[in-house]
Amino acid sequence: MDSLSATKIAATAAALGLILSLTAVPLVRAWAHRVGLVDRPDPTRKLHRGDIALGGGLAVLLATLGASGAVLALASQRLGSVLFEGPLSALSQPFSLNQQWLGLLLGGLGIVALGVVDDRFALRGRQKLLGQIAVAVLVAVLWHPASEVELFGWQIDLGSAALPLAIVWLLTAINAVNLIDGADGVASTVGAVVCGSITLIAITNGQLLTAVVAAAMAASLIGFLCFNRPPATIFLGDAGSMLIGLVGGTLACWSVESAESVGAAASVGSGGRPLPMLVPVAVLAVPLFDAATAFLRRILTGRSIFAADRGHLHHILADYLRAHRRSPVWMLGVFATLCLVTSAGAIAGAALRSDWLALLGIATVVGGLVCTRVFGHAEARLLVTHGKRVGGSLIARHRSCHDQIHVAGIALQGNRKWENVWAPLVEFAQANNLWRLQLDLNIAWRHEGYHGFWSRGRLPEKSEQWSMRLPIICDRRPVGRLEVIGQAGSESEYQSLETFTHLISGMQPAIDALVHALEEQQMPAAPAPPLAGLPEPTHSSEEQHGEEQFEEFEVLNGSR
């Protein structure tokens, strides 16, 4: 079948998906309110007004399955040949649910069920991860991923590592989209662009059924976006965000496999050579980059990987738009543009069989965000600082290693002068021969974060050190922690410890003052400086409307 006929079939699936989504979402929204499947606001992270229905993922799943099934049913009838001007050789035969598609179907149902349970009963992070692993294993085992991939023209035989790598890839995609679902319409917009690009890649590579399902989901998300755009009346929930990650991650790989690989009557063309492996990465580059920065930020600052913060890309953009009193709808345009750039690289890479084009799309977005300090710059500084410290300890001689002083203070978010708190601590550590000092502040509800690290060369042996870990509390809320390590063995150390305790007590008023200033400051006293790489917006009559929308703007981090 030629590409034009395949495009018509995919367009039919998209039209049906849009219609079904516009019909299903209001029904699911009413059902969610009736059964109590709603997201309630809290004073720290969930800042929307009133109860908002969850379960949007269920509506998207129903619309996608309905549209895909309708196209398959239509293709099996003679009417299909009339509508699409020719025999549907790829889909005209009765559809056989092979193992790969059965695995994706069961995985989709399982991930939505897991998400609905989490939305309703708030599972622990480890419990949800266990469910994700079970779904990923099911899909990957029935998928039988290709053991050969291509990277920059080199054929790589993964052998038995193909299956565990596929599981890791699916888990990464699921959680990447889950993490980016922290603002009204963001995950829906990203998912629509991702699935739309997968549709084009699948058509190019002869994967008709993959194109049909991807087109149906893209249109279903566009229909859902009509109700999910700011201010949202229904959220995707974990069910929706994890479904997008699972389906997007799976179909992104299937779309670049050879026509025989995904089997069945889903093929349009032929071929057997594996396509560039960077293409699926480029398709999901924006959520993957956001997740990677969150992982680095939490690991390098010593936080739990399950710890919530407001350092994601949508939080940074929300701060900028709020400061300039612009409508949060602008954020959807920014995310759509970023995803379109990486998707363009993926589509070109798939068509021309070039990893370099896919890499160019990724580098354009990632490099642009980091170099202009819009997003990811603080995490890059953390990584470079940590790398220098570790690298220096590896190449330094044993004796000189004890004389090395490493110090860094990095503002992860916000513009408060936390250096005024950090500097006296560093001075005390240097004067009293401490070995390590680490300050981590995470005031998530006020978009402030700071990380300070000081060390004196190689640490003494465990048996020769003392350590202390103090939580930093303000108004009975934890805002960070302070960790100290010293060398035991003399009475002066205990005197230093007593002095250090008095220093912490004296430092508390400074922390209280900074936090209270943030609490009292609902809007910046002066317009914030524009982020590099983003235009300075002009004020208009829409400012008040944008401000009202932001009051209802959901900024929950990956918990919908």
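Predicted model: local features only at pLDDT ≥ 70, side-chain atom pairs only at ≥ 80, totals over all residues.
Of the 560 residues in the protein chain, 52% count as buried. The secondary structure comprises 19 helices and nine strands, and among the contacts with a separation of 6 or more, 75% are accounted for by residues 24 or more positions apart.

A nonpolar patch on the surface is formed by Leu 129, Ile 133, Val 137, Val 141, Leu 163, Phe 295, Ile 299, Ile 305 and Phe 306, which together have about 690 Å² of accessible area. At least two residues of the nonpolar patch are supplied by each of helix H5 (125–143) and helix H11 (285–300), with H5 giving the most, namely four residues. Phe 306, by contrast, is placed in the loop between H11 and helix H12 (313–323); this residue counts as partly exposed because its relative accessibility is 40%, a value that lies between the limits of 20% for buried and 50% for exposed residues.

Confidence in the model was examined along the protein chain, for which pLDDT averages 82 and 80% of the residues score at least 70. In residues 263–271 pLDDT stays under 50, and the model has 26 contacts beyond four places in sequence for this segment. Over residues 522–560 pLDDT likewise stays under 50, with 115 contacts beyond four places in sequence present in the model.

Note on methods
Residues numbered from 1 in each chain as written. Heavy atoms only, no water. Patch = residues over 30% accessible without salt bridge, like charges linked within 9 Å, V, L, I, M, F, W, Y side chains within 5 Å. Areas by Shrake-Rupley, 256 points an atom, 1.4 Å probe, with all protein chains shown as cover. Salt bridge = Lys/Arg side-chain N within 4 Å of Asp/Glu carboxyl O. Buried < 20%, exposed > 50% of the residue type's maximum accessible area, 1.4 Å probe, protein only. pLDDT = per-residue confidence, 0-100. Contact = heavy atoms within 4.5 Å.
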